[in-house]
Amino acid sequence: MLYAILIISILTMYYEYRQLKEKHHVREIVVSLTLFTVGTTLIILQLAHVELPSPLTGIRWVFQPVSQYIARILS
């Protein structure tokens with residue numbers, strides 16, 4: 001299963017890269033390859049049964065100080 005995901009990811013990245021390279025979209029190539037790499041890494045980690053944190057944890061970590069600051073100002 002892992003090899004199938006890697007092959008499909010590589011083929012998809014190559015296809016996307018080739019289309020964007022023809023149009024000379026460098027920023028889109030960088031963003032696309034970054035997102036594909038992150039997505040493929042997350043899929044592989046999930047297949048390996050690695051416990052991934054919830055995205056809500058990161059959102060809470062970012063916005064909790066902001067909400068505390070706003071609550072302090074409004075009090």
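I started with charge in this predicted model. The chain carries 6 positive and 4 negative side chains. I counted Lys and Arg as positive and Asp and Glu as negative, leaving out His and the chain ends. The centres of the two sets lie 8 Å apart, with each charge placed at NZ of Lys, CZ of Arg, CG of Asp or CD of Glu.

Ground rules: local features need pLDDT of at least 70 and side-chain atom pairs 80 or more, while totals for chains, interfaces and linings use all residues. Numbering runs from 1 along each chain as its sequence is written, and side-chain values use heavy atoms, without hydrogens and water.

Next I looked up the fold. I found three helices and zero strands, in the order α-α-α from the N terminus. Helices are DSSP runs of H or I with at least four residues; strands are E runs of at least two.

Then I checked overall dimensions. The C-alpha atoms fill a box of roughly 55 × 35 × 10 Å along the principal axes.

Surface came last. The chain exposes about 6800 Å², 70% of it from carbon and sulfur atoms (Shrake-Rupley, 1.4 Å probe). Of the 75 residues, 9% count as buried (under 20% relative accessible area; exposed is over 50%, partly exposed in between). I looked up Phe63 in helix 3, residues 55–74. Phe63 counts as exposed because its relative accessibility is 53%.

Technical notes. Buried means under 20% relative accessible area, exposed over 50%, partly exposed in between (1.4 Å probe, protein chains only).
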